[in-house]
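Please walk through this structure with the sequence at hand. The text below goes from the overall layout to the annotated sites.

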Amino acid sequence: KKKITAKTLLEMKAAGEKITQMTAYDFTTAGIIDAAGIDSILVGDSASNVMAGNQDTTPITVDQMIYHARAVVRACHHCLVVCDMPFGSYQVSREDGIRNAIRIIKETGAGAVKMEGGKEIADTVKGIVDAGIPVIGHLGLTPQSIHKFGGYGLRAKEDTEAEKLIEDALALDAAGVSGITLEKVPAALANKVTAMVKAATIGIGAGNGTDGQVLVYADALGMTSGFKPKFLRHFANVNKCMTEGVMEYIRCVKSESFPSEAESY
Ligand code: KIV
Ligand code: NA
């Protein structure tokens with residue numbers, strides 16, 4: 001399998017081949033996901049929730065994203081590694097955004113960055129693309145704006161917000177993004193955007209018509225218990241598998257069957 005780049009996403013869209021993406025934040029997990037044949041790993045700022053236990057994605061810093069992305073890049077031989085730009089790293093000014101994107105690419109070796117927002121960041125996106133860095137946009141439910149939204153519900157169900165989302169997608173497309181993540185929007189709207197843009201759309205809770213799909217690995221593999229929105233499917237039960245393994249370890253140590261003679265020096 002050849003190395004996948006941001007350019008490959010556009011080729012896959014043209015060929016009608018679905019793009020598979022999952023998050024990862026560490027070397028060991030990324031190694032498993034890359035070896036399984038995924039097209040892309042997103043080092044999401046969801047690391048704030050999944051790795052650090054924060055309530056939302058707003059606290060994670062550029063330094064912390066770089067730490068996670070470096071570890072993921074070291075593990076990946078085939079897939080495209082995309083690194084989220086965290087809250088505050090591109091909203092202040094165009095220059096600040098370009099500088100932070102360059103820093104992320106320089107210090108991690110990731111193949112693209114991802115940013116939340118539409119028209120309001122289109123200028124910054126163009127600056128980053130002009131610097132030679134592939135950008136993935138992110139529209140719909142954009143978790144860095146959680147305080148504005150007031151919840152993680154479905155976005156763009158009303159016409160005005162749907163129309164704004166289409167304008168935002170076209171602005172990102174014109175700015176030269178390679179992909180657009182569409183999070184928690186009606187499937188019909190996601191289909192419409194997918195048909196309108198050159199960029200590859202990658203959906204999460206956006207139906208089956210996008211050019212690809214993305215899920216947080218801990219959710220997709222059933223590690224997080226108690227989080228099961230309608231859009232999510234559990235493709236494994238890692239929570240059960242890990243719990244059983246830990247319990248078996250405890251049992252063997254307590255009963256003095258581990259370590260055995262063969263496991264001793
Ligand atoms: O941070 C993240 O995991 C994401 C995906 C859910 C798209 O942005
Ligand atoms: Na994210």
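Domain bounds, as used here, come from an automatic or database domain assignment. In this predicted model, the protein chain is divided into domain 1, residues 6-234, and domain 2, residues 237-265. Between the C-alpha centres of domain 1 and domain 2 there is a distance of 38 Å.

Next comes the ligand. The shell around ligand 1 consists of Thr23, Leu42, Gly44, Asp45, Ser46, Asp84, Thr181, Glu183, Ile204, Val214 and Val216. By class, these shell residues divide into four nonpolar, four polar and three charged. Three members of this shell, Asp45, Asp84 and Glu183, are taken up in turn below.

An unreviewed UniProt entry places the feature "active site" at Glu183. Glu183 is found in strand β6, which covers residues 179-183. Is Glu183 buried or exposed? A residue is called buried if 20 or more other C-beta atoms lie within 10 Å of its own. Glu183 has 22 such atoms within 10 Å and is therefore buried. Beyond residues up to four places away in sequence, the contacts of Glu183 are His138, Gly140, Leu141, Thr142, Ile204, Gly205 and Ala206. One of these contacts, Ile204, also belongs to the residues around ligand 1.

In an unreviewed UniProt entry, the annotation "binding site" covers Asp45, Asp84 and Glu116. These residues are spread over 72 residues of sequence, yet they cluster in space, with a largest C-alpha distance of 10.9 Å. Asp45 and Asp84 are also among the residues around ligand 1.

Where does Asp45 lie? Asp45 is in the loop that runs between β2 (40-43) and α3 (47-50). Asp45 counts as buried because 30 C-beta neighbours lie inside 10 Å. Apart from neighbours within four places in sequence, Asp45 is in contact with Thr57, Ile60, Met65, Asp84 and Pro86.

Asp84 itself is in strand β3, residues 80-84. With 30 C-beta neighbours inside 10 Å, Asp84 counts as buried. Setting aside residues up to four places away in sequence, Asp84 touches Leu42, Val43, Gly44, Asp45, Met65 and Lys114.

Note on methods: Residues numbered from 1 in each chain as written. Chains lettered and ligands numbered in written order. Predicted model: local features only at pLDDT ≥ 70, side-chain atom pairs only at ≥ 80, totals over all residues. UniProt positions renumbered as here; feature names shortened; annotations may be inferred. Helix = DSSP H or I, 4+ residues; strand = E, 2+ residues; numbered from the N terminus. Buried ≥ 20, exposed ≤ 12 C-beta atoms within 10 Å, placed from the backbone. Contact = placed C-beta atoms within 7 Å. Near = placed C-beta within 6 Å. Nonpolar A, V, L, I, M, F, W, Y, C, P; charged D, E, K, R; others polar.
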